[in-house]
Every structure is written in C-alpha cells, then in structure tokens.
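These are my notebook entries on a structure that I went through feature by feature. I wrote down what I looked up and in which order.

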Amino acid sequence: MRKIDTRQFVRATRSTSRDINRQIVLNLVREHQPVSRADLARRMQIGRGMVTALVDELLAEAAIFEGDAAEAPRGRRPKMLYVRTRDRFVIGVDVRFSRTFLMLSDFSGVPLFRLSYDTVTDPTTFVVGLAEHVRALLAQVPDTVRCEGIGLVVPGMIDQETGRVLFAPQLGWRDVALREPLALATGLPVSIENASIACALATMWLGTRGHESPADFVYVTVSDGVGAGIVVNGEVVRGASHSAGEFGHIPLSLEGPRCLCGSQGCLEAYTSNLATISRYLGRPLSADGTRQDLRDSGLTIEELVARAHVGDRQARASLEETARYLGAGLAAVVNALNPAQIVLGGEIVAAWSDIEPVLRAAFTTRVLTAQSASTIIVPDLTAAPRLRGAAALVAAPIYAAPRLA
C-alpha cells in the first residue's frame, strides 16, 4: 500500500471516479484495440450507458477514434474503437557516447524517419546541433501534422523537477541544463529521462497489444553504459536524489578496469559495449585514451555479434565473458530488489541464444534462493528500444493513472 502524503495531496471530488474510469477505458482500448463498447462494458463490469458516456468524452478529446463496423452474428454491427496514434507524432532522441540517434514516430512508437550523427559533448554546441537535426526530421512531414514534443534519453541521472542532467559519466556532463535550452531552440515541449527508466516506461506503455504490461520488473540496459529502470506496482522508483537504478556502478572488483564514473571495477566497466569491444581487441579499458581509440576503430557491438555468428571464436569468447559478468550483476539486482521479471535491452541481446546459457549459469550461482534463481529474464528484441523509450516520455503521461493522494 502507498502512504498518503499529508503535506502534498489532491483530495477526491465528485469527478474523481469518472476521471479514473475514463483512464481505465483509454487503457483498455490501448491494450485490446480494436474493441467495441460492449466488450469494454463486459471487461469493466459496468452498464453500456456508462461506457458510452466515457467513450464519448474520449472521442470528443480525440484520444480515441471509431473505425469500421465489425461483423456481428446478429443485431447492429458495433463500431470498433482505437487509440489515436497515427496522426500524433513525437521525436525521440537517444544520446550516447559515440552517436546521437533521432526518430520521428507516431504515438505508439512506430518509426517513420530516423537519422544519427556523431555526438558532440559540449552542452551548448550539442543543443544547437540537435535542434538543427530536429528541424530536418520535421521537414519530412506535412505542415498540417503536429509534433507533440521531444523525448530525450540520456545515459545519466536526471532531476525530473528541473530537467537537469545531474551526472552523465560517459558524456562528461554534471549539472547540465538541456530541457529548457532545447525547448527554446525548437519551440517544442521537451521531456528528458534516464535511458533505462525510459525503456521501462516503453515496456509499460508501448507494450505488445493484447498483453498486460508487467507491474513489477527491472529493465536493464546494456549499451555504452549499464543502468536499470526499476518499476514497483506500476510506478518508477527514482530514489531520494534521482540516482536509483545505477546498478552499472556496483563494484565487482576494487582493482578492476577504470570506469568513466571515476571508480574502478564497476559492472559497467566489464559489461558495456565498450568493455566487450575492448576485450575483443585486447586493449585494456582503463588505459588512457582507450575509449577514444575504440570509438575511432569503427568497430560496433553489432559487428562483433555478427562476427560471433559466423564463427569468430574471439568474438564469441568476448560476448560470453560479458555474459558471465552480466549474470553476476543481474544476481545483485535480484538479491537487492527481488523483481518478478528482468527485461534486458541493448545491442548484445542480438546474441541472446549464445549468451543466455552463460548468463543464466552465472546468475544462478549468485542468487540467494531457489525462488530467486527462477526469476524471469527476457530480452527486449524490439528495434531501437531506447528510441521507443524516448517516444514513451511524451506518450506515457496520457495513459497514466490519476494521482489522488
């Protein structure tokens, strides 16, 4: 149960129950579309008249729309309902150490156009360049189409109240303002979030149609860095100072490779894409200038996975070593949080069939109970999950439950 905050609350009103029911209808349409009013009434166990009134409100708000009438064995043919997504657009931005990726998508996360460019880490120059690329994407759609906003994901800790990047080790950013400068440069509202949390939001809000979204899970991203988005009872856990989920900086060794956060032996220094590539190339990640050398080499984790698939033993060994360390890290997540499910995202999951046995073996030997050993671990095989997460930053608030107290 959640304790009522007696210093900051919203009291219930006569419209409270109606607001809740309207959001329930919207989410049922999202998960089960196409769906009829009669089916909604059955699922909610309420009368058709009440459902019709709620549907009419959502139609008037243009949150949903009516499609063609469905075939019926008898009686009137029901008009099917859908969430309005295709004419509502969002720009998703995924900022990484090496490159920045942009995607113009509809509200369901379906991509329309994509582009990428080399990341510039100077914050002022970064905002100017990103605004130019945003305008380039918007030039691909008619003027009559309205972009609802920009979702920006960053590999670092974000203060949600101020929109400032508190610390992004890979980019060298500390207390950097991005939200307001980017909104001013583009004329669009901007939502900014930690990449792992954004992926967790996408798992909840842009999941597979007809499947219930998990309420308790941890989404672990493995990319240039490693992080986790923690969801408990359908709500993201951020922590007192916005740093919850930084499992990439769990120390595996006090004398291990130097991590970009400044410490040594972090999980990220053993399992990130850069760590896997450096292992393959035989270059110690902690050496001065190694990360820039790896960036300049042009070798990507996708190419490394491809080499493993065609029989490159060194590539396979590098991926399996990453899987062993990652299994140990996931065991720490389960021992600390005991989630019902772990979702693993990142380019390395393209090698899931090869790395899962190694990862699971390392995981099983380090969890504390047999029940924990059976924790579900699933790969996120959707294309560009971080960009989908960025899109979810703009789309998700529409589906969120009202906060009543």
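Predicted model: local features only at pLDDT ≥ 70, side-chain atom pairs only at ≥ 80, totals over all residues.

I began with Gln45, which I found in the loop between H2 and helix H3 (48-60), where helices (H or I, at least four residues) and strands (E, at least two) are DSSP runs numbered from the N terminus.

Residues are numbered from 1 along each chain as its sequence is written, and side-chain values use heavy atoms, with hydrogens and water left out.

**Entry on the backbone**

I reminded myself that most residues other than glycine have a negative phi, and that most peptide bonds are trans. Ala384 also has a positive phi, near 50°, in a residue other than glycine. I located Ala384 in the loop between strand E15 (376-379) and H14, and its relative accessible area of 27% makes Ala384 partly exposed. I then looked at the peptide bond from Gln33 to Pro34, which is cis, with omega near -5°. Pro34 belongs to the loop between helix H1 (16-32) and H2.

**Entry on salt bridges**

How many salt bridges does a search of the whole structure find? The search gives 15, where a salt bridge is a side-chain nitrogen of Lys or Arg within 4 Å of a carboxyl oxygen of Asp or Glu.

I looked up Asp39 and Arg42, whose closest N and O atoms are 3.8 Å apart in their salt bridge. These two residues are three residues apart in helix H2 (residues 37-44), so they are separated by about one helical turn. Arg42 is exposed, at 57% relative accessibility.

Next I checked Arg96 and Glu347, whose side chains meet in a salt bridge at 2.6 Å, N to O. Because Arg96 lies in the loop between strand E3 (88-95) and E4, and Glu347 in the loop between strand E14 (341-345) and helix H12 (352-366), the pair ties together parts that are 251 residues apart in sequence. Arg96 is buried, with a relative accessible area of 12%, and Glu347 is buried as well, with 17%. I also saw that Asp94, Arg96, Glu347 and Arg386 are linked in a network of salt bridges.

Arg99 and Asp118 form another salt bridge, with the closest N and O atoms 2.6 Å apart. This pair links distant parts of the chain, since Arg99 is in strand E4 and Asp118 in strand E5, 19 residues apart. Arg99 is partly exposed at 29% relative accessibility, and Asp118 is partly exposed with a relative accessible area of 48%.

**Entry on the second largest pocket**

I came back to Arg96 when I turned to the second largest pocket, which is lined by 37 residues, of which Arg96, Phe101, Ile301, Glu302 and Glu347 lie nearest its centre. On a 1 Å grid over the protein atoms alone, a pocket is an open set of points where a 1.4 Å probe fits, with protein on both sides within 12 Å along at least five of seven lines, and lining residues have an atom within 4 Å of a point. The volume of this pocket is about 770 Å³, a volume being the space filled by probe spheres set on the points. Among the elements that each supply at least two residues of the lining are strand E4 (99-106), strand E5 (111-118) and helix H14 (385-399).

I sorted the lining into 17 nonpolar, nine polar and 11 charged residues; Ala, Val, Leu, Ile, Met, Phe, Trp, Tyr, Cys and Pro count as nonpolar, Asp, Glu, Lys and Arg as charged, and the others, Gly among them, as polar.

**Entry on a ring and a charge**

Last, I looked at Phe167 and found Arg174 over the face of its ring, at 3.8 Å from the ring centre. For this, NZ of Lys or CZ of Arg must be within 6 Å of the ring centre and within 35 degrees of the ring normal.

Technical notes: Buried < 20%, exposed > 50% of the residue type's maximum accessible area, 1.4 Å probe, protein only.
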